[in-house]
Amino acid sequence: MIRDKVESYFARFPELRVLFFFDETREYEDEVKSLDLEDIHIEYWANNPFTLKCKLVQDLRNEKVFLYLPIKQPTTRDDFQHFPLMGLLLANKELQLDNVGAFMEEYQLQRHQKSLISKYIKELKYVGVQEVCKPILNASHLEESALQRALLSSFLNFKTIENWSVLVGKLLTLSNEKDDKELQRVSKKLKDLNFEDVILRRIQENTGINIQSLNAEHLLQVARGVLYNKITQTMGVSKTKDPYATLKIEDATQIIRLNQMLQEVDRHAQVKPAFDRLMEKVSSDIKGATLIEVYGEDADFAEFTSEMVWTILAKVQSHIASAPSEVVKQLERLSLQSELSASIQQVLKYCIQVAKVHQYVKNVNSYILDTPEEYIQWYTKDLYKVDSSFRRAILIKKGIDTTEVPNTFEMDAIQEDLNVVYDKHTDTLNREWLKCLHHFKFDYSKINVPKQYDFYENEIASKDQKIVVIISDALRYEAGYELLSQMHGDPKNTAEIGYMLASIPSKTNVGMAQLLPGKNFEFSGGDIKIDGVSTSSTYRSNILQNHNPNSTAIQYGALDGLDRPAIREIFKNEVVYVYHDVIDAIGDARASERRTFDAVKDSVEELQKFVKSLHASYNVAKVYITADHGFLYNDKKIQDKDQEQLPVVDVVLSHNRYYATTQPADRDLGYCIPLSATTKFKDELYITIPFSVNRYRKGGVGHQFVHGGGSLQELIVPLIESSRKREKVTRKVNPILMHKGALRVVSNILKLNILQENEVSRMEKERAITIGLYKDSTLMSNQVELLLNSTSESPSERLSAVELVLSAEAGNESFLKLKIYDKEDMLNPIIEERVQNSTLISTDF
C-alpha cells in the first residue's frame with residue numbers, strides 16, 4: 001500500500017522533492033524498511049535534525065526523497081514552531097494514508113481544517129459531492145456554513161452551490177412528491193451528518209415558520225404559511241375571523257426575507273415549476289374563498305390565488321350589466337397578476353370585453369339623431385367599439401377551456417345576457433339609422449360623407465405615385481380600425497383611417513364594381529358591366545387599364561404561387577388592385593359562418609404583414625386598404641320565426657338581407673330604395689331591405705353572418721391610407737409612473753404601475769424601456785424590460801404592473817433611485833425618482 005501511494009505522490013507532483021511520512025507508533029516501520037523504490041531515495045529520521053537537514057539540502061538536493069519519521073506529527077502552533085524541519089515540510093508534502101488526510105492533500109487544505117473534513121468525510125468522499133463542493137474546497141474558502149450549504153446543494157441534486165433561499169424552496173417541494181423517499185433520503189443524510197438543526201433554522205429564517213423536524217407534514221405547514229403570507233403581507237389580519245391568522249408574520253424583517261426567498265425561487269428554472277405546484281396544492285388548505293369572505297373582494301391583497309380570482313368572478317358576474325365600468329376596473333386590476341393560469345387570464349379578458357360592451361351601450365343616451373352624417377360620425381368615433389368588444393369577447397370565449405371553469409362561474413348566462421344586449425343595441429341603432437336614411441330618401445348624393453362609388457376618382461385618378469389598393473372582402477370598419485392599430489406597430493409606417501359609405505345592396509359584386517373607374521355602370525340583373533366590360537375578376541385589369549394603361553388587378557391568393565421577381569414585376573405598375581378574400585369566404589358559407597371572427601383575426605394579421613412587405617420589399621409608396629362591404633354577425637342561431645318572408649312574385653334576385661324588384665315593393669316588407677340612389681347604376685331596379693337587422697327567410701344560406709342590407713355595420717367600410725417613411729418615425733410613446741405620494745420599498749419589493757401615455761399610432765411609435773433601482777450607476781435590483789406597444793384606446797389596457805426586488809447589496813442603502821431608460825439610450829433616464837429603502841437585510845443570512 002505504501003509503495004503505491006509514495007509512487008503516486010511523486011507521479012502526481014513532479015516538482016515534489018521530499019515526501020514526509022510521520023509514523024509515531026512505528027506501525028509501518030517494517031513495511032518502509034522493506035521498500036525498494038526506483039529513483040526514490042529512502043531516508044530515516046534518527047533524532048538528528050541538523051545532520052538530516054544538511055543532508056537533505058546539500059547531499060540529496062537532486063534526489064527525490066521519501067523521509068520516514070517515527071515521531072508525532074506536528075499539529076499545533078507550538079509543534080510547528082519547534083519542529084526543526086518545518087521549512088522543508090511546508091515546501092513539500094506529507095504522505096497521508098487515511099481518507100481525510102488524502103482528501104486534504106488533494107485539495108491542499110490546512111491542518112486546522114482537518115477536524116471539519118473529518119466531520120463530513122462520509123459524504124465528501126463521493127466524486128459527485130466533490131464536484132458540487134469544489135468551489136469552496138480550498139484553504140481560503142472552506143468554512144462550515146459554506147460546506148453545509150454545498151453539501152445540501154448536492155443532496156438536492158443541484159450541480160452547483162445554491163443559496164439558502166433556493167435550497168429551502170427545493171426542500172419544501174419535496175413535501176409535495178407522491179413518494180416521499182427523496183425527502184427521507186435527504187433527511188437521513190442531514191441527520192447522519194448532524195446538521196438537521198442548521199437546516200431547520202434556515203427554514204425558519206427564510207419563511208418565518210418554525211418546525212421541529214424534516215418531514216412532509218411539517219414542510220407542508222411551512223408551505224401553507226408561505227402562501228398565506230404571500231397573499232396577506234400588505235394588510236392587517238383579523239385574528240377573530242381569519243382561521244389562518246396564526247400563520248401571519250408580523251415582523252417586517254421576516255417578510256423581507258420571505259420575499260427574497262420567493263424571488264430567488266421564482267428566478268430558478270429548476271425549482272420554480274415544482275414550487276408553483278406546491279403552492280397550488282396548499283391553496284386547497286389556505287382557501288381563497290375564505291379569505292375573500294373575511295376581508296372582502298376589494299381588500300389590498302398582495303396577490304390572488306386561482307381560487308380567489310374565481311371567487312371574485314363569481315361575485316362580480318351579476319354586476320357586469322348593472323355596473324360595467326366598476327367591473328372593468330376590478331377585473332383589469334386582477335389581470336395584472338402575473339402568476340394566474342392561462343384559463344383564468346382568458347376568462348378575465350372575456351369578462352372585461354363583455355363588460356365593455358355593456359359599458360358602451362349603457363353610455364348611449366338616445367339612438368335618435370337628426371342626420372345621416374351624425375350617425376356615421378357617431379359610429380366611426382364611438383359606436384364601432386361595441387362591435388369590436390363583442391367580437392373580441394366571442395373570440396376569447398372560444399379559446400377558453402371550459403373544463404377548468406368552476407360551476408360557480410356561469411359563463412352561459414353571461415353570454416346569453418351579452419347576446420341580448422348586443423342584439424337589442426344593433427337592432428335599435430339600425431332601426432333609427434334607417435329611419436333617418438329613409439327621411440333623406442336614401443339619396444347618397446345628398447349625404448355629405450365620402451362615398452364608395454367616388455373612391456377611384458377621389459383617391460386614385462389624381463395621384464402621380466405608385467399605389468396599391470387592397471380590397472378585403474367584408475372587412476368592416478371596426479376590423480379595419482384593429483388593422484390600423486396593428487400597422488402602427490411598424491416604426492417606419494404612417495397610416496390613418498377614414499371611412500366610406502358603401503352601396504345598397506351591400507353585396508360583393510356591387511361593392512367591387514363601385515370601387516372601379518368608369519362612366520357607364522350596368523347592373524344587368526347582377527351581371528355587372530362597366531363601360532361594357534364585365535366586372536368579374538377575370539376582366540378587372542381591363543377596366544383599370546382603360547383609365548391607366550399601367551394598371552393591373554390580381555387575387556391575393558395568386559401571389560402565393562409567384563417568386564419574388566415575379567411579384568416585384570406586378571408591383572412596378574402604377575396602380576395595382578389586390579383582391580383579398582378571407583372573412584367573406586368563411587362567413588358566407590353556412591358550414592363555416594360560426595368561424596367569422598376567427599377569419600377577422602386571420603385577415604387582420606395577414607393584411608398587416610402584407611402591407612409591411614409592400615412598403616419594405618416592393619417599394620410601394622402608398623397603400624389603400626378598404627372593403628366592398630361590412631357585415632352583421634350574431635352569436636346565436638337565428639330562428640325561423642325571427643326571419644321575414646320574401647315576396648313570391650316580381651323578385652329579380654334575393655338573399656337574406658335584400659331582394660330586388662323591377663317595381664317598387666310593398667313597404668310593409670322593408671325600405672324600398674331605387675338602386676340608382678346609392679350606386680352608379682342607372683338600371684330601373686328597386687332594392688328592398690329590412691327595417692333594421694332582420695333576415696329574410698332564404699334556404700341554403702347562413703343567417704348569423706349576413707350582409708346586403710343597410711345597417712351601419714354593413715355600410716361603413718374603412719379606408720386606410722398607409723405610407724412608408726424613409727427614416728424611422730422618431731417620436732415614441734412615453735411611460736408614465738402611476739403612484740401616490742413618496743415611493744417606498746415595502747418588504748424589499750417596490751411595486752409600480754407603468755402607464756403607456758398614449759396608444760401606438762400614426763404619430764407615436766412603440767418604445768422599449770428598462771426599469772430598475774440604482775445607487776448612482778450601480779443596479780441594485782432586478783431589471784425589468786417592457787415593450788410599450790399597446791394599440792388600445794383604453795388606458796387600463798396600456799397599464800403594466802412591475803415588481804422590483806432589492807439585491808442583497810442594497811440592504812445598507814437608505815435611499816435609491818428608480819430609473820426608467822429607453823433601451824436605446826441607457827445613459828439618460830426618461831424618469832428618475834427618489835425611493836426610500838427600509839430594507840436592511842441581506843439575502844444569504
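Trainee: Where is the place of N194?
Mentor: In this predicted model, N194 sits in the loop between α11 (181-192) and α12 (196-207).

Trainee: What is its phi, given that N194 is not a glycine?
Mentor: N194 has a positive phi of about 65 degrees. As background, most residues other than glycine have a negative phi.

Trainee: Is N194 buried or exposed?
Mentor: N194 is exposed, and its relative accessible area is 60%.

Trainee: And D39, where is that one placed?
Mentor: D39 belongs to the loop between α2 (29-33) and β2. D39 is not a glycine, yet its phi is positive, about 65 degrees. With a relative accessible area of 63%, D39 is exposed.

Trainee: Turning to peptide bonds, which residues does a cis one join?
Mentor: I504 and P505 are joined by a cis peptide bond, with omega of about 10 degrees. P505 is found in the loop between β6 (493-501) and α24 (508-514).

Trainee: Now the sheet. In what order do the four strands come?
Mentor: The order is β2-β3-β1-β4, in an open sheet with parallel pairing. The edge strands are β2 (41-44) and β4 (93-94), each of which pairs on one side only.

Trainee: Over how many bridges do β1 and β4 pair?
Mentor: Strand β1 (residues 18-22) pairs with β4 over two bridges, in the parallel sense. F20 has E94 in β4 as its bridge partner.

Trainee: Which strands does helix α1 lie across?
Mentor: Helix α1 (residues 2-12) lies across β1, β3 (65-69) and β4, and it runs at about 145 degrees to β1.

Trainee: On to helix packing. At roughly what angle do the axes of α17 and α19 cross?
Mentor: The axes of α17 (residues 306-316) and α19 (residues 342-362) cross at roughly 25 degrees and come within 11 Å. Angles under 35 degrees count as roughly parallel, and the two helices are therefore roughly parallel to each other. The crossing of α17 past α19 is left-handed.

Trainee: Which residues meet there?
Mentor: From α17, S306, V309, W310 and L313 meet I344, V347, L348 and C351 of α19. By class, this contact has seven nonpolar residues, one polar and no charged ones.

Trainee: Last topic: in which helix does H425 lie?
Mentor: H425 is in helix α21 (residues 411-439).

Trainee: Buried or exposed, and what does H425 touch?
Mentor: H425 is buried, at a relative accessible area of 1%. Leaving aside residues up to four places away in sequence, H425 touches V361, Y367, L383 and V386.

Note on methods. Residues numbered from 1 in each chain as written. Predicted model: local features only at pLDDT ≥ 70, side-chain atom pairs only at ≥ 80, totals over all residues. Heavy atoms only, no water. Axes fitted to C-alpha atoms, helices over the stretch in contact; angles between N-to-C directions. Parallel < 35°, antiparallel > 145°, perpendicular 65-115°, else oblique. Left-handed = near helix turned anticlockwise from the far one by under 90°. Contact = heavy atoms within 4.5 Å. Nonpolar A, V, L, I, M, F, W, Y, C, P; charged D, E, K, R; others polar. Pairing = 2+ DSSP bridges. Buried < 20%, exposed > 50% of the residue type's maximum accessible area, 1.4 Å probe, protein only.
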